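Here is a short tour in questions and answers, made for someone who likes to check geometry. Have a look at the model first, and then we can go through it together.

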Amino acid sequence: MTTTLRQARVIAGVLLAMSLAVPAHSADRSLEFAVKSTFLYKFASFVEWPAGSFASDTAPFNLCVVGADPYGGRIEQAVAGQRVDKHPIALRQLAKAEPQSGCHAMLISGSSRQTAAEALEAVAGTPTLTVTDSDLGSTAGIIHFVIVNDRVSFDIDNVAAARNHLVISSKLLALAHSVRTAEGAR
Amino acid sequence: MSGERQAVRPSGLTPAHALTAAVVLLVAGIVASMYQDRLFRAQRAHELTVQGEIVAANVTAALVFGDMKAVQEHVAALGIDPAVAAAAVYDSGGNRIASFVRLNAEPLPGSLRDAPLNASSPTLLVNVPVTHQSETLGTVLIRATGEPLSRLLTRHAAMMLLAIMAALLMAFMGASQRALREANRQLESRAVALSETNQLLQTEMEERSKAEDALRQSQKMEAVGRLAGGIAHDFNNLLTIIQGNLHLLGRIDAHDPETIQTYVAGADVAADRAGQLVRRLLAFSRRQPLMPQPVDLNELVNGMRDLIIHSVGDGVDVQFRLRAKCRTMCDVNQMENVILNLAINARDAMPHGGTLTIDTDDVSIGVDHSGTELNPGDYVQLEMRDTGVGMNEDVRKHAVDPFFTTKPHGQGTGLGLSTAFAFIRQSNGSLTIDSKPGKGTCIAILLPRYVA
């Protein structure tokens, strides 16, 4: 408990510091990358995967980075020792996105071997939370990082999420910069 | 006495009872109000908790992703509810990271560590933890606005009004009960006074009765005295006559039979009168045995017609109206005496002449007939009416008293009417006198009818 509290306190403190200002195009973007890296695994706690997506309660949560790590190794630092519910986070590097790759969440940066759109297409219909970054291209996955008022925010495509059999918590939807739903964009 | 007093006291509310009831009602009202207040507070607490939970849910993601702006927006949204005085979100370290404070309201503490939550705070304060995936991210704290006095009063007004009304009613009932008891007590004392007065009256009546008895006794003694005096006087006169005659008889020549006869006759008449006097006395004292027999009064009066006319003399006109058809039951000789006595009284009442009317008739006395001591039934009436001087009320009242007479001394014994009265009463009849000065006198005799 004490550990959890301390952790939470530390995280909160970091977040508070980060949220003060995130210079979008500053020379040192390490803070932005750190925030985005943290967000990556935090999204998972607001998303529901279909039953059978995990072998057991303690089976690892596979967070895959397709292509090169765009955040310069920050992701590894951020997820180290973290869990999604009871699932320990396993960070995997993939050259290409494939339906059978077994990724629960996937950061797609796009590469010469497989564009972001192709990668999205490859895992469409599988229970995979796809994350893209507007900084890397306009192709948007289920969650798409955007910078709004010098702050890291994100858009959510709930239609795509539904197609991938994922249910995104309304709490997360409420925090999103914009949400695309079956009725239209918000 | 105290038992009776206890009995007449009405059971019910005493002022003490009324007061107790009023107090109980007031206390019940206060308790009900407090209970209602608690319910209300509990409901408010529940409402605020729900709001807190909504805010906690809404700020979860914002806290996770460090979106303080979103947190502030959610907290500020609580301001829509006027019941919220202040609200704040604290991070897991207890530091306030977003807050809303209504105008003039006291802000919530900057840190939860500085001011630990006081559960028994008079103002309603709810705190809801913000948790995500079994991890506490922070706390939502909401403080309710103090309820305005007007609203508080409105909420309790009905109960207070009821309690006050009940108390007033009880007070009124108590007061009226008290008044009733007071009135009862007065009535009781009056009853006691009345009872005492009654006792006094009873005693006085008894004393008066005793006095009356004593008076009657003395009157009787007086009558006896008068009787004795009258008898002595009359007898003395008669004895004087007899003695005188005997004396003369002793002194005269024994060979004068005519003179002897005269003296003997004088003594004889006097002795005869003495005998009559004794008979009357006996009749008066009821010693003389009466021999009642069926009598036709018409026949009796007719038989005495000459005697009556002769007795009253030339100046008095005698008229007979004999209409009775029934016979009566009485002693004939005594009845004759009565009629003769009354005729002589009538004559004496008419010194300058007049009319004596003698009536007989059959009469009946009904049940509803009053003013007579006779039993209801059939009677024969004999009425003797004169046109003489009459009597005043005082004389009339005493007319039947023995030895009462208005006649000059030596002319009447005062025994005639009293003897007649006694005889008629003895014969189960009545004798009434109706007379007024200058209007004549009417004597009515009623005797029971004879039924064969």
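Q: At what angle do helix H7 and helix H8 of chain B pack?
A: In this predicted model, helix H7 of chain B covers residues 305-312 and helix H8 of chain B covers residues 332-349. Their axes lie 9 Å apart, and the packing angle is about 25°.

Q: Is H7(B) roughly parallel or roughly antiparallel to H8(B)?
A: Angles under 35 degrees count as roughly parallel. The angle here is about 25°. H7(B) is therefore, relative to H8(B), roughly parallel.

Q: Which residues of H8(B) does H7(B) meet?
A: H7(B) passes H8(B) in a right-handed crossing. On the H7(B) side, the contact involves B:Leu307, B:Ile308, B:Ser311 and B:Val312. By class, the contact has seven nonpolar, one polar and one charged residues. The partners in H8(B) are B:Leu340, B:Ala343, B:Ile344, B:Ala346 and B:Arg347.

Q: What is the phi of B:Gln133?
A: B:Gln133 sits in the loop between strand S3 (125-132) and strand S4 (135-144) of chain B. This residue is something other than glycine, yet its phi is positive, near 55°.

Q: Why does B:Gln133 count as partly exposed?
A: A residue is buried at 20 or more C-beta neighbours within 10 Å and exposed at 12 or fewer. B:Gln133 has 14 inside 10 Å, so this residue counts as partly exposed.

Q: How many C-beta neighbours does B:Asn428 have inside 10 Å?
A: B:Asn428 belongs to the loop between helix H10 (416-426) and strand S10 (430-435) of chain B. Although not a glycine, B:Asn428 has a positive phi of about 65°. B:Asn428 counts as partly exposed because its C-beta neighbours inside 10 Å number 17.

Note on methods:
Residues are numbered from 1 along each chain as its sequence is written. Chains are lettered from A and ligands numbered from 1 in the order in which they are written. This is a predicted model: local features need pLDDT of at least 70, side-chain atom pairs count only at pLDDT 80 or more; totals for chains, interfaces and linings use all residues. Helices (H or I, at least four residues) and strands (E, at least two) are DSSP runs, numbered from the N terminus. Axes are lines fitted to C-alpha atoms, for helices over the stretch in contact, and angles run from 0 to 180 degrees between N-to-C directions. Angles under 35 degrees count as roughly parallel, over 145 as roughly antiparallel, 65 to 115 as roughly perpendicular and the rest as oblique. A crossing is left-handed if the near helix is turned anticlockwise from the far one by less than a right angle, and right-handed if clockwise. Two residues are in contact if their C-beta atoms, placed from the backbone, lie within 7 Å. Ala, Val, Leu, Ile, Met, Phe, Trp, Tyr, Cys and Pro count as nonpolar, Asp, Glu, Lys and Arg as charged, and the others, Gly among them, as polar.
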